[in-house]
Amino acid sequence: MVRNRIASVLFGLVLLCCWITIDSSLSDGTSPPSSASPTPSVGDGVSDREEDPGDRPHDGSSFIDQYEAGVQAYLGNEWEDCVYFLERALEGYRTYYESVANCRLECEYAARDVRNRGDFLHASNVDNLQHYELILRRTLCLSKCARKYAIYRYLPFSEDFDGHYMAIFQEQKAYPYLYACYTKTNQITLAASAAFTYMVRHPEDTVMKKSFEETIEKPGIDGDEIRDLEEKKFVDLLIGGIVDEQEQNWDQAIEQLEASVMQFIFDENQCRAFCDGEFDHGFLPDFITAIGNHFTNALYCKRNCTANMGMVRGKYYENLFPRHFRYLQNAYYHVKKYEQSYRAGMSYLLFQPDDIDMPESLKLIEAEAKGSVTANFFKPRREAVEYNDRMVYEEKLVQFVKREFDQLDGGESDEGSFEDGTDDEYEEEAETNTGPSEDVAEPASTEVNSGEVSYFDRL
């Protein structure tokens, strides 16, 4: 009953339209790597965050309980209670998301450290048992980490067996309620931000777009404070670097862009780690089939992370990560750090080998650097190589799954076939939501032209 009420209310509340103009800055931009700051790895991302007791609900309720309380307050016209409970629910979900993702990252790196040191229980890898030892070590680590952060206090799995509530938070569906309740409590700027946040995820919702446009015309609204409340942390750093570069503050631009590279990797790795969750096979597969099905489910989810990272303030930008290196190439060049500039350009070309401008920029560096050019100039940065290799390999795996398991469609397959648990279920999702494969439609833009100068004009 509650779900039916939620669905009906959501239909009546739809939102958005981006007030922030994000122009062609990301449609043309440049981004590179350097040695000015520690070189991050695509595998980097363990947070130093310790559990804050204040993150835990004092009454022992989960963020699901708080969400339901917020919805009931909305239905009862109890607007202040609605704001209170929904804000707590969203913060609780963020804490849960970060705790789960960081535990998975931490345990992955701990197992990787065992592998790199060769510190196995037995020296010889007979029957590939060292692989399973690492899995057991990660399992133990995850159990300890879950207790450390009291993760299961945030989400009693018995309440969400079918993933209904997780989908609500992942799809930002609490924000239509929050928009309405902010509006009723005369928190107009926050109402606009809630609408904007929802429409970044759901740009097709014209009803909320209209509501958003009406909201930003109300007196007392602070346009400078309207923002995506779920924005990734790298965005401010990237925009700051772009602004500094446009104003020719080269050293500051380098600092911000390098920080954005590392934060981008961390933000995406958190998303990818969160994909390694539970999976309902829908049948009882054998050991290997279960691994294959679950891995493929996680693989599609992780590719969606790559695509979602490109949504910045209401507009989708393809290949956002390599564009960092274009900017860095230019910034390092202007402070005459030629090796860093050249390596940034080489990193960019890993992702955009057909770019016609970057080779010309690199020739200019060669001419100015003259006799100081060494073999290191021609080495793309480690994080760019790792990111590109992972992206290419994952694309090959996806194509392998589609090609090989599609061939089983015409013939007989047993109940335990790999295809039953993966290919059909994710075909539609791959066509609409996945990352940088050629057959994926570009997400629609929620941008609204406000006449402002875009910080992304050079992208």
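This is a predicted model: local features need pLDDT of at least 70, side-chain atom pairs count only at pLDDT 80 or more; totals for chains, interfaces and linings use all residues.
**View A. The salt bridge of Glu 231 and Arg 313.** The side chains of these two residues meet with an N to O distance of 2.7 Å. Glu 231 belongs to the loop between α9 (206–215) and α10 (234–246), whereas Arg 313 sits in the loop between β1 (311–312) and β2 (315–316), so the contact ties together parts of the chain that are 82 residues apart in sequence.

**View B. The salt bridge of Glu 171 and Arg 201.** Here the N to O distance between the two side chains is 3.1 Å. The pair links distant parts of the chain, with Glu 171 in the loop between α6 (164–170) and α7 (175–184) and Arg 201 in helix α8 (residues 188–201), 30 residues apart. Glu 171 is partly exposed, with a relative accessible area of 26%, and Arg 201 also counts as partly exposed, at 32%.

View C. Lys 302 forms a salt bridge with Asp 276, in which the closest N and O atoms are 3.1 Å apart. This pair links distant parts of the chain, since Lys 302 is in helix α12 (residues 287–308) and Asp 276 is in the loop between α11 (250–274) and α12, 26 residues apart. Lys 302 is buried, with a relative accessible area of 17%, whereas Asp 276, with 33%, is partly exposed. A disulfide joins Cys 275 to Cys 301, with an S to S distance of 2.0 Å, and with -70° about the S-S bond this link is left-handed. Cys 275 is buried, with a relative accessible area of 6%, but Cys 301 is partly exposed, with 28%.

**View D. The disulfide of Cys 82 and Cys 181.** The sulfur atoms of the two residues are 2.0 Å apart, and the torsion about their S-S bond is about 85°, so the disulfide is right-handed. Cys 82 lies in helix α4 (residues 79–117) and Cys 181 in helix α7, so the pair ties together parts that are 99 residues apart in sequence. Both cysteines are buried.

**View E. The disulfide of Cys 103 and Cys 145.** The S to S distance is 2.0 Å, and the torsion about the S-S bond is about -85°, so this disulfide is left-handed. The pair links distant parts of the chain, Cys 103 being in helix α4 and Cys 145 in helix α5 (residues 129–148), 42 residues apart. Cys 103 is buried, with a relative accessible area of 3%, and for Cys 145, likewise buried, the value is 3%.

**View F. A network of salt bridges, with totals for the structure.** Glu 91, Arg 94 and Glu 230 are linked in a network of salt bridges. A search of the whole structure finds 18 salt bridges and five disulfides. When the bonded cysteines of the chain are numbered in sequence order, their pairing reads 1-6, 2-5, 3-4, 7-10, 8-9.

Conventions:
Residues are numbered from 1 along each chain as its sequence is written. Side-chain values use heavy atoms; hydrogens and water are left out. A salt bridge is a side-chain nitrogen of Lys or Arg within 4 Å of a carboxyl oxygen of Asp or Glu. Helices (H or I, at least four residues) and strands (E, at least two) are DSSP runs, numbered from the N terminus. Buried means under 20% relative accessible area, exposed over 50%, partly exposed in between (1.4 Å probe, protein chains only). A disulfide is a pair of cysteine sulfur atoms within 2.5 Å.
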